[in-house]
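Hi everyone, thanks for coming.

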Amino acid sequence: MKSKLNASYTVEAAFILPLVFALLYGIIFLGFYLHDHTIMQQCAWESAFYGAGQLEILDKSEIDEYLRERLKDRLLVSGVRRISIEQGDEEVTVELVGEASVLSFAKKLIGYHQRTDIHVKRAVPYPCQSDYVRKGLVISEQIKKLWKKE
């Protein structure tokens, strides 16, 4: 007599494994996406701070060069499409627009049509010289108190 084998495990695995792999891909891609978003936010803030914190007025090209140096080889799944640097009367604004590249098989296989744009905008006001003087005086007074105690 021939025995019959139940193939339900194979059929269930054929349905479940693609879903599990798609879920793992989504989780890994989300981690890379969040990494790149955080890096772009940090680099935009650092560049705006660099442009606003200098005593001399920096040219936009110098801020752009600093920003590109900070972004170099740090993004995992994204690319920067546009960089905008504005130097107003009161602040420096750095705006980055990027796009995360989704693997083409994910778009076709699971119908992935979600937005993958990354838009970051950071503004840092120019420092006020009177604030620097005031903070310097407060710090020097605190240092004098520390020296007197010893």
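Let's begin where α1 meets α2. On the α1 side, the residues in contact are I39, M40, C43, A44, E46, S47, Y50 and G51, and on the α2 side they are E62, I63, Y66, L67, R70 and L71. What is the make-up of this contact, in nonpolar, polar and charged residues? There are 9 nonpolar residues, 2 polar ones and 3 charged ones. Please keep in mind throughout that this is a predicted model.

Now, how do the two helices lie against each other? Their axes are 9 Å apart, and the packing angle is about 150°. Because the cut-off for roughly antiparallel is anything over 145 degrees, α1 counts as roughly antiparallel to α2. As for handedness, α1 and α2 make a right-handed crossing.

Let me step back to the whole chain for a moment. How many helices and strands does the chain have? You can find 4 helices and 3 strands. Starting at the N terminus, the order reads α-α-β-β-α-β-α. The chain has 150 residues, and 24% of them are buried. If you take the contacts in the chain with a separation of 6 or more, 66% are between residues 24 or more positions apart.

That brings us to the inside. The largest nonpolar core holds 23 residues, and the ones touching the most other members are F29, M40, L67, L71, V94, L96 and V120. Which elements give two or more residues to this core? They are α1, spanning 8-53, α2, spanning 60-71, β2, spanning 91-100, and β3, spanning 117-125. The biggest share is from α1, which gives 9 residues.

I'd like you to zoom in on V94 here. Leaving out residues up to four places away in sequence, V94 touches A44, S47, A48, L67, S84, I85, V120, K121 and R122. Two of those names, A44 and L67, also came up where α1 meets α2.

One last stop: C128. Where is C128 placed? Look in the loop between β3 and α4, the helix covering 129-149. Is C128 buried, exposed or partly exposed? With a relative accessible area of 39%, C128 is partly exposed.

Notes. Residues are numbered from 1 along each chain as its sequence is written. This is a predicted model: local features need pLDDT of at least 70, side-chain atom pairs count only at pLDDT 80 or more; totals for chains, interfaces and linings use all residues. Side-chain values use heavy atoms; hydrogens and water are left out. A nonpolar core is a set of buried Ala, Val, Leu, Ile, Met, Phe, Trp, Tyr and Cys residues joined through side-chain atoms within 4.5 Å. Buried means under 20% relative accessible area, exposed over 50%, partly exposed in between (1.4 Å probe, protein chains only). Contact means heavy atoms within 4.5 Å. Axes are lines fitted to C-alpha atoms, for helices over the stretch in contact, and angles run from 0 to 180 degrees between N-to-C directions. Angles under 35 degrees count as roughly parallel, over 145 as roughly antiparallel, 65 to 115 as roughly perpendicular and the rest as oblique. A crossing is left-handed if the near helix is turned anticlockwise from the far one by less than a right angle, and right-handed if clockwise. Ala, Val, Leu, Ile, Met, Phe, Trp, Tyr, Cys and Pro count as nonpolar, Asp, Glu, Lys and Arg as charged, and the others, Gly among them, as polar.
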